[in-house]
Amino acid sequence: MLAGCGAAANHDTGSAPSTTASVTTEASAPAQTSTARAHPQVVEPTAGVAGQTSTSDPVAPPPGLATHAPSPSQPASVSQAPAKGAPTDAEVRAAVAQFKAAVAQYHLDRLNLSGSLLDPSLLPPGIFNTSIASVFTDYGLPIACGGVLHVPQLGVANKTLPCGTQVIFVYNGRAIKVPVIDRGPYIPGREWDLTGATAEALHFPGLGPIQWRLAG
């Protein structure tokens, strides 16, 4: 499991706004047998300002800013400072190796995700932000917006955006639109936590900068 997301706040499977791609191997996703909590909250940084990267120098959060994950239905907070910290080379290497192991373990490279991709050249004009993203693969464990995480599930975790918010990600010439399904990541400098299927669809390596914008 890579960077953790926020602990689940709603386990009602009927309210989970998830997107699922077809699997070319087994119909059901393997459940993780670990008893560890999904998405441990390590440190919660201040969410980044749109249009800025998440690699700026540390800035103290403004007075009165919430230091806990909001409820899934709560609107996004207005951030006053970029997220603190940036991954080191060692953290990137470890995250890439961990995601490669998850791809092999859960056969993420066998998912049929081509139908979920967007043609970047056909996206409407607009400004893309750049922030640091990581990947989470807590399969079989609860997610904040309801239900549990499945191997082919497309989606992303964010600390403040309401559940179901559609976000477009672009990485290395590939693009995809996925909903917010969970809370996190709670490691300094990281703005997004992609599901394993989302990362695999984009050929995202596991940790690093990614372009994004809210879907209009």
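Contact here means heavy atoms within 4.5 Å, and helices (H or I, at least four residues) and strands (E, at least two) are DSSP runs numbered from the N terminus. This is a predicted model, in which local features need pLDDT of at least 70 and side-chain atom pairs count only at pLDDT 80 or more, while totals for chains, interfaces and linings use all residues. Residues are numbered from 1 along each chain as its sequence is written, and side-chain values use heavy atoms, with hydrogens and water left out.

**Exercise 1.** Determine which residues of helix 1 are buried and which are exposed.

Solution. Begin with the element itself: helix 1 covers residues 89–106 and, with its 18 residues, reaches 26 Å from first to last C-alpha, close to the 26 Å expected at 1.5 Å a residue (the expected span being 1.5 Å times one less than the number of residues). Next apply the cut-offs, where buried means under 20% relative accessible area, exposed over 50% and partly exposed in between, with a 1.4 Å probe and protein chains only. The buried residues of helix 1 are Ala95, Val96, Phe99, Ala102, Val103 and Tyr106. They lie on the same side of helix 1, because the arc they cover around the axis is only 125 degrees, taken from the directions from the helix axis to the C-beta atoms. On the other side, Asp89, Arg93, Lys100, Ala104 and Gln105 are exposed. Finally, look for the cover over the buried residues, which includes strand 5 (129–136), helix 2 (196–202) and strand 11 (207–214).

**Exercise 2.** Work out how the rings of Tyr106 and Tyr139 are arranged, and where the two residues sit.

Solution. Rings of Phe, Tyr and Trp (its six-membered ring) pair if their centres lie within 6.5 Å, and planes under 30 degrees apart count as stacked, over 60 as edge-to-face and the rest as tilted. The structure holds four aromatic pairs. For Tyr106 and Tyr139 the centres are 4.7 Å apart and the planes stand at 75 degrees, so the pair is edge-to-face. This pair links distant parts of the chain, since Tyr106 belongs to helix 1 and Tyr139 to the loop between strand 5 and strand 6 (153–154), 33 residues apart. Both Tyr106 and Tyr139 are buried.

**Exercise 3.** Describe the surroundings of Phe204.

Solution. Start with accessibility: Phe204 has a relative accessible area of 2% and is therefore buried. Leaving out residues up to four places away in sequence, Phe204 touches several residues, among them Phe99, Tyr171, Leu194 and Ile210.
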